[in-house]
Amino acid sequence: MAITILKPLPPANTQNAATAYNSDSDSDGGVDLEGDVSMMATALSSKPSRHVGGKGYDQAIVTPGEIITEDSQWMRGHGTYTTPDPYAIVASVAGTLVKTNKLLSVRPLRARYTPEIGDLVIGRITEVQARRWRVDVGASLLAQLPLSAVNLPGGIQRRRTETDELQIRTFFSEGDLLVAEVQQLHNDGGAVLHTRSLKYGKLRNGLFLAVSGTGGGGGVVRARRQAFTLDAGRAANDKIDVVLGVNGYIWISKHVEGEGAAAESAGPGITRVEESVGLNVYSSQNDAIAPETMREIARVRGVVEALVQHGTRVDEDTVTRGYNEAVEMARGDGDGPDTLYLGGERGKRLVDALKGR
Amino acid sequence: MATQGPVIVLPGDQIDPSLIPSRPKKALKLGPGLRHIPPNELVPTVAGQLTTDHKKNSIWVEYNGGRYIPAVGDLVIGTVQRSAAEYFYVTLTDYTSNALLPQLAFEMATKKTRPNLNPGALVYARVCLANRHMDPELECVSPATGKADGLGPLNGGMLYDVSLGLARRLLMRKSLEDGKVAVLEELGAAGLAFETAVGRNGKVWVNSESVKTVLIVGRAIQETDEKNLSVDQQKKLVRKLIKEVS
Amino acid sequence: MPREAEPSLNERAFVVQALQEGLRIDGRALDQFRELDLKFGDQYGVADLTLGKTRIFAKVSAEVTTPYTDRPFDGIFTITTELSPMASPSFEVNRPTETEIMLSRLLEKTVRRSNALDTESLCLVSGQKCWSIRVDLHVLSHDGNLIDASCLAVVAALRHFRKPDTSIEGETLTIYTPAEREPVPLSWLHSPLCVTFSFFGEEADIVVMDANLLEEQLRVTSFTISFNKHGEICQGAKLGGTTVEAMTLIKCANDALDKVKELTTWLDLKLVEDSKRRDKGGLMAELSAENER
Amino acid sequence: MTVNTEPQALISHLPKADGSATFSYAGYTVVGAVNGPIEVQRRDELPEEAAVDVIVRPAAGVGGTRERHLESLIQSTLRQIILVNNFPRTLIQVILQIIVAPENEYVNAKITQASSNLPILPALLQTAILSLLSSTLPLTATLTSTALAIVPDQGGSNIVLNPTAREVEQSQSFHVFAFTSHNELILAESEGSFTMKEWDDVYARAYSQCCPPALSSDNDDAMIDDQRSAGSDLRHFTRSTMEQKIVSDLYWK
Amino acid sequence: MPLDTSSAYPLALLRVDGRRWNDLRRLHAAVRTQAAADGSAYLEMGNTKVMCTVTGPSEENKRRTAASTATGNTGGAGGGAGAGGAEVAVEIVVGGFSSVDRKRRGRGDKRIHELQTTLSKALAAALHTHLYPRSTIALSLHVLSQDGSLLAALLNASTLALVDAGIPMSDLPVACTAGLTSAASAADDPLVDLNAQEEQELPFLTLATLGDTDRVMVLVLETRVQAARLKDMVDLAADACKSVHKSLREVVRRRGEHMVEEGAVEKGASMAMDMDIDV
């Protein structure tokens with residue numbers, strides 16, 4: 001029977017046409033098995049095919065269920081599990097293999113944020129409870145922010161009183177954004193945050209942006225510095241603060257001297273914190289922002305989105321260079337320096353230019 | 001009206017005054033199933049057998065069945081549902097609201113060394129607060145001596161449901177003479193090694209080294225309960241079960 | 001409504017440990033059903049089934065109605081399963097739980113989709129008049145294995161049922177009341193019955209029939225298969241849960257067939273017993289009627 | 001033409017419910033289950049007493065307004081005799097499942113009957129009280145209920161106790177009464193057209209039926225043979241049923 | 001009912017769409033199709049087309065939707081209030097335009113509910129839910145076009161979306177259908193991956209396995225068939241699942257390799273060879 005009717009192929013990358021996705025490569029990760037898969041072709045050897053590299057693929061990627069090793073000298077790390085009989089370490093996520101001494105783990109291609117102590121995160125208050133807030137940080141569980149872990153107006157050493165408990169909503173209420181540090185982890189992976197430093201606290205005067213978490217596929221990576229200040233080229237004192245939350249939440253705001261997360265670089269001592277915890281720390285009112293500043297904030301946002309869309313990591317270096325490149329591009333194009341659009345082809349050009357360097 | 005036969009009462013019945021024990025000087029003690037309507041009327045609220053104890057000057061209605069309602073001093077077996085800052089939330093019967101067990105109400109428990117009970121763990125406890133307007137409270141330690149006296153977490157074993165009546169009989173000081181339950185003694189006499197805990201809330205916990213022993217004890221208790229076995233029948237049942245397994 | 005109560009950790013551990021030694025809490029063999037009992041009512045199409053502490057009541061009723069427009073030659077056949085708080089306080093009226101939906105789907109597939117009842121025979125005047133047969137299922141007491149027990153009760157009630165006799169002369173359709181003519185049985189094609197297997201252990205290698213409520217709460221997965229005594233599978237469902245070796249499932253299917261044959265014989269016997277009982281009643285009624293005259 | 005079958009009952013026969021009873025009388029069979037006191041949903045919670053929830057389910061078809069009406073009648077009656085103050089912020093659930101209702105042999109049954117709501121009420125109430133007694137929930141009293149119809153009879157009319165389905169259909173008016181064991185009237189529902197005089201007669205008949213003079217334990221047998229009333233003495237029936245149950249429960253005493 | 005399949009098949013040994021008995025339809029799949037979701041996938045099995053998005057694991061606020069849920073209970077531990085692990089909530093929306101009869105299916109549809117429950121219970125058993133206590137993994141599936149093997153397509157799409165979301169699992173759950181050309185005779189050929197027309201006429205079952213093993217996650221048979229033929233159908237469906245498994249793994253691998261090429265992910269350590277050296 002030589003007759004095999006093939007179905008016509010659909011146009012490639014239908015789902016990405018609108019977002020100007022790179023369409024010349026097989027970018028949607030799809031695979032077309034041309035024609036029909038004959039059953040006879042798959043010899044039924046169930047065990048060997050589970051082994052990594054057993055089929056001569058490029059060995060960079062492991063998928064769930066693949067046996068990484070049957071050698072019992074290795075220890076299993078994240079992204080793997082073991083089977084007792086016969087002993088084997090098996091991948092549980094799709095990703096790349098990481099070896100740390102005798103520890104085998106799989107770095108997932110993408111995953112939701114998993115909190116670690118010391119992470120700088122941006123969160124949104126979802127619930128106010130008696131003595132604590134519950135904060136969405138994009139993890140599998142809501143994080144907690146105890147009332148005792150924030151600076152209250154009137155100095156760092158001040159005792160928390162019952163009045164503070166009653167007034168808890170005057171500090172943070174539902175929907176407020178904040179930047180904080182992961183202080184502690186519970187057994188179930190839930191994080192406890194604190195904002196006891198001048199560089200943490202409520203966010204205002206800016207713009208929120210969420211990119212998918214760490215791992216791969218673009219997104220924020222843990223770096224030496226998560227918060228920095230950009231010089232917004234044209235006006236000398238026009239500066240923009242960028243906070244890259246390790247959890248993939250990003251805050252871009254107008255720079256205010258001596259306030260906000262970017263003050264990290266200024267490095268205020270404990271004593272200064274005490275003095276400067278003023279009332280406006282918990283203000284939800286934006287300052288006046290000049291239209292030029294707003295435009296540059298929007299430009300930074302465009303840069304970050306372009307970076308994410310084209311699978312490039314987001315860190316201080318890429319954002320800074322990307323921003324400068326975007327300013328150049330806008331200047332170079334005929335459309336004038338006010339052009340902010342960085343979608344589609346322009347975004348691709350931007351990222352290519354960054355990679356080219 | 002002769003007093004030798006059992007006196008069965010229904011809710012709202014009038015009680016023959018001659019049946020009420022009247023020892024001068026001693027206050028009359030009212031047990032379950034009776035309601036006192038001032039100034040001096042006694043009315044049953046459940047269907048059961050009117051029972052009196054002239055020595056203790058007490059009167060109550062004996063009955064079996066229904067749902068357990070916590071009373072102070074009862075020994076109960078509960079299941080931990082969850083733990084919060086200071087309490088374990090414990091269920092005594094299905095579908096009722098939780099009882100509270102303070103995390104410090106254990107022998108030797110301090111803020112640092114409080115027991116860690118996971119959801120689903122069993123505890124043997126005493127009801128120390130029962131009040132219609134509040135959730136019942138439990139304790140696993142005697143407040144007077146600070147000793148556990150056998151109360152606390154129950155590890156391993158199996159939990160069996162029995163009727164409230166049988167639970168009461170098993171908990172009687174002379175369960176054979178007064179309660180006419182002989183299964184446990186018989187099983188012990190037959191050479192089985194096991195431990196039990198009986199909750200007034202209709203739960204019996206049985207533990208043993210051997211799974212089979214637990215099963216025999218459990219089945220013997222449940223069958224005694226369901227089939228209303230007399231002492232002789234219980235003895236027969238135990239012999240039969242032991243034969244079946246060996 | 002209060003949440004369904006969950007077994008304690010001790011019970012979880014012990015039940016599984018005992019099963020690993022091949023022992024069940026109530027002393028049954030792994031493939032043993034609890035004691036079955038079936039009572040028919042004085043009226044036709046009423047079945048009251050007890051399986052251990054599980055008790056199911058099924059009632060069949062019939063009325064004349066108009067057929068669905070897209071199926072003018074078919075009668076209407078529905079099975080209603082609404083679990084009331086009588087089965088468990090965690091069931092709420094008018095808010096179907098997962099248990100209820102799964103039960104109703106399995107009965108639908110086992111009894112209705114397998115064409116156990118010839119719906120064409122329910123047609124009286126095509127496109128205008130047909131019988132609507134309705135089975136109402138009530139769970140009076142829930143101690144596990146609702147599916148097998150319900151299926152048995154539904155099939156028993158339907159086979160026991162008699163619908164009023166009818167006749168058509170020209171254009172006129174006459175429906176006789178029970179007093180006028182003895183009602184007639186339904187056109188029943190085959191009797192499909194369910195057998196549910198519950199699996200225990202991490203590898204799901206312990207297989208148990210007729211699980212009670214506690215066992216159902218602790219099983220890692222289940223497989224329900226429906227057969228008629230002719231050896232036809234009417235439905236099979238393993239809906240998720242821990243994975244089971246394919247060979248184990250095939251073996252379950254074979255065991256289920258034996259069990260279904262056994263249950264069918266039992267059901268046939270019960271129906272014969274009941275008809276004998278009724279016949280006696282019928283004779284008595286005739287005699288007493290004669291006496292009155 | 002009264003149905004003279006003796007009442008029958010099974011007590012505490014559903015192993016999973018706190019209290020249960022099956023009651024058959026005058027062609028009706030009802031299964032009742034009681035659960036309580038159990039956790040109540042916030043919206044139904046009462047701060048000073050237990051909420052009483054009554055669910056009536058028909059044998060065939062889904063419950064509708066007819067069942068809701070019966071539920072509200074039974075609920076308000078039971079609330080009076082259950083000591084609801086003993087269990088604030090809880091729920092007492094009474095589920096009444098109709099198993100058999102008498103069918104009129106001369107009419108082809110419809111699944112949803114348009115006929116009167118009331119005839120089944122006594123059977124439901126009687127089942128509810130037996131289930132409550134089985135559940136050992138505290139009560140102030142028990143109750144007894146009966147149904148009567150005024151049926152036209154050769155120009156005059158007749159009061160019929162426990163009428164059949166056919167008699168209900170032919171009746172001018174239909175009445176249901178319930179009395180507590182303290183001989184207090186706790187429920188009176190009537191439908192149809194009747195005069196005050198007729199109602200008084202029916203009431204008197206129902207009273208004598210439900211509230212027989214207290215009997216001493218010596219002449220139980222004489223009581224049953226009493227020709228005074230056509231129907232069974234349900235109050236006595238309730239007592240003897242419970243006595244049997246208690247004696248069997250307390251066999252060890 | 002016109003028995004196209006069974007009348008034509010014995011003549012040419014070809015099915016209505018020209019396939020042989022053991023041919024799967026064209027399987028096309030893509031992962032990461034929706035940027036906003038934690039994981040997403042689009043999958044076609046012939047003309048059956050479904051989309052899946054995953055949200056979570058995240059802590060859900062009390063409000064519960066119409067979705068069916070299952071809690072993974074691994075190793076018998078757990079009990080109590082959601083201590084067992086993450087809940088897997090599945091919601092299926094069948095587009096009114098997805099089939100020829102354009103029938104609207106309400107939220108109360110029990111068949112959809114059964115599919116939801118089946119998927120959530122199957123996935124809960126494959127996922128390592130114990131890593132995420134008190135959270136919810138929510139899957140939203142949209143059926144765009146129906147042409148048979150719907151449950152299989154839904155499960156395969158869910159698998160890809162969950163892999164994309166980076167949620168750990170024991171192996172890839174995969175599913176396929178298998179049927180018989182006629183229920184009556186014992187000599188008939190079995191078929192794999194049935195389309196809607198074949199499903200209407202022939203007895204068939206849907207089988208889901210965990211990876212390319214013979215361990216069955218889901219078995220759904222809704223038509224009458226002789227008991228003796230069950231084994232043939234299960235065997236064939238299990239083999240078909242192995243092919244599907246291979247394809248899905250390829251989809252994931254390609255996606256990953258592409259990301260490594262683009263530099264979004266660091267290259268992984270190489271395996272077997274250099275491990276031996278380490279030893």
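**Group meeting: a walk through the five-chain model**

Okay, let's start in chain D, where 4 strands make an open sheet in the order β7-β6-β8-β9, with antiparallel pairing. The edges are β7 (156–161) and β9 (185–192) of chain D, each of which pairs on one side only. On average, neighbouring strands in this sheet are turned by 15 degrees against each other, ignoring direction. Before I go on, please keep in mind that this is a predicted model.

Staying with that sheet, look at the pair at one end. Strand β8 (residues 173–180) of chain D runs antiparallel to β9(D), and the two share 7 bridges.

Now over to chain B, and a strand with several partners. Strand β10 (residues 122–131) of chain B is mostly covered, with 7 of its 10 residues buried. So who does β10(B) pair with? Take β7 (residues 75–83) of chain B to begin with: that pairing with β10(B) is antiparallel, over 5 bridges, and B:L75 stands opposite B:R126. Then there's β12 (residues 152–154) of chain B, antiparallel to β10(B) over 3 bridges; here B:Y124 has B:G152 as its bridge partner. And then β11 (residues 134–139) of chain B, again antiparallel to β10(B), over 4 bridges. β10(B) and β11(B) form a hairpin, with 2 residues between them. As a quick reminder, strands of a sheet pair through backbone hydrogen bonds, either parallel or antiparallel.

While we're in chain B, let me stop at one residue. B:N155 is in the loop between β12 and β13 (158–161) of chain B. Buried or exposed: which is B:N155? It counts as exposed, because B:N155 has 11 C-beta neighbours inside 10 Å, and the cut-off for exposed is 12 or fewer. Follow the chain back 34 residues from B:N155 and you reach B:A121; the C-alpha atoms of those two are separated by 8.0 Å.

Chain E gives us a strand with one partner of each sense. Strand β3 (residues 48–58) of chain E pairs with β6 (residues 136–145) of chain E in the antiparallel sense, over 8 bridges, and E:T53 stands opposite E:S140 there. Strand β5 (residues 87–94) of chain E also pairs with β6(E) over 8 bridges, but in the parallel sense. On that side, E:V93 faces E:H142.

Let's talk about what's inside. The largest nonpolar core holds 315 residues, and C:V154 and E:L207 are the members that touch the most others. Which helix gives the most to this core? That's α5 (residues 230–262) of chain E, with 14 residues. As for C:V154, leaving out residues up to four places away in sequence, its contacts are C:A58, C:I79, C:L107, C:V111, C:V135 and C:L137. There's a second, separate core too: it has 56 residues, among them A:F171, A:A180, A:I240 and A:W251.

One helix to look at in chain C is α3 (residues 146–160), which has 15 residues. From its first C-alpha to its last, α3(C) reaches 21 Å, close to the 21 Å expected at 1.5 Å a residue. How many of its residues are buried? For α3(C), the count is 15 of 15.

Last stop, chain A. Chain A has 6 helices and 20 strands, and buried residues are 41% of its 357 residues. Taking the contacts in chain A with a separation of 6 or more, 63% link residues 24 or more positions apart.

And here's a helix pair from chain A to finish on. The axes of α4 (residues 291–309) and α5 (residues 316–332) of chain A come within 9 Å and cross at roughly 115 degrees, and the crossing of α4(A) past α5(A) is right-handed. On the α4(A) side, the residues that meet α5(A) are A:R299, A:V300, A:G302, A:V303, A:V304 and A:L307. On the α5(A) side you'll find A:T318, A:V319, A:G322, A:Y323 and A:A326. One general point while you look at that: an α-helix has 3.6 residues a turn, so residues three or four places apart point the same way.

Okay, that's my tour. Thanks, everyone.

Terms used: Residues numbered from 1 in each chain as written. Chains lettered and ligands numbered in written order. Predicted model: local features only at pLDDT ≥ 70, side-chain atom pairs only at ≥ 80, totals over all residues. Core = buried A, V, L, I, M, F, W, Y, C linked by C-beta atoms within 7 Å. Buried ≥ 20, exposed ≤ 12 C-beta atoms within 10 Å, placed from the backbone. Contact = placed C-beta atoms within 7 Å. Expected span 1.5 Å × (residues − 1). Pairing = 2+ DSSP bridges. Axes fitted to C-alpha atoms, helices over the stretch in contact; angles between N-to-C directions. Left-handed = near helix turned anticlockwise from the far one by under 90°.
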